[in-house]
Amino acid sequence: MGSVPAHRSGMGSGLQGAARELGAARELGSALGIAVVGTVLSVRVASGTGHGATVATAFTDGTALGYRIAAGVVLVVGAAVVSGLRTGRGQA
């Protein structure tokens, strides 16, 4: 904020606040992603080893499923963002 001219201090403050909010949203998304992949992995490992699979096989299956779920979420959110950008461009 020290390098922002006094007559633009409001804009600098708003930009700093927006950057802080984006950082918080990114941290929340990362935490949720780790929680989902970790939960899927632990459930899949427990289920797989209970049905006679080796721990390595169950771990591999759980990891693959967790990453497929994460990829699906990224694909859906990416499609929503692209759709929103296209809609916004037509209105401008």
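1. A quick convention before we start: a residue is buried when its relative accessible area is under 20%, exposed when that is over 50%, and partly exposed in between, with a 1.4 Å probe and protein chains only. At 34% relative accessibility, Gly38 is therefore partly exposed. Gly38 sits in helix 1, and its C-alpha atom is 9.0 Å from that of Gly62, 24 residues away along the chain.

2. Now for the ground rules. This is a predicted model, in which local features need pLDDT of at least 70 and side-chain atom pairs count only at pLDDT 80 or more, while totals for chains, interfaces and linings use all residues. Residues are numbered from 1 along each chain as its sequence is written, and side-chain values use heavy atoms, leaving out hydrogens and water.

3. Of its 92 residues, 8% are buried. Its accessible surface is about 7000 Å², with 67% belonging to carbon and sulfur atoms (Shrake-Rupley method, 1.4 Å probe; for residues, only the protein chains shown count as cover).

4. The largest pocket has a volume of about 150 Å³, and its lining consists of Gly29, Leu32, Gly33, Val36, Val37, Ile69, Ala70, Val73 and Val74. Helix 1 (9-50) and helix 2 are the elements that give two or more residues to this lining, with helix 1 giving the most, five residues. On a 1 Å grid over the protein atoms alone, a pocket is an open set of points where a 1.4 Å probe fits, with protein on both sides within 12 Å along at least five of seven lines; lining residues have an atom within 4 Å of a point. The volume is the space filled by probe spheres set on the points, which are joined across faces, edges and corners.

5. Finally, the surface: Val36, Ile69, Val73, Val77, Val81 and Leu85 form a nonpolar patch with about 500 Å² of accessible area together. Patch residues have over 30% relative accessible area and no salt bridge, and nonpolar side chains are joined within 5 Å (a salt bridge is a side-chain nitrogen of Lys or Arg within 4 Å of a carboxyl oxygen of Asp or Glu). Helix 2 (residues 55-91) gives the most to this patch, five residues.

Methods. Patch = residues over 30% accessible without salt bridge, like charges linked within 9 Å, V, L, I, M, F, W, Y side chains within 5 Å. Helix = DSSP H or I, 4+ residues; strand = E, 2+ residues; numbered from the N terminus.
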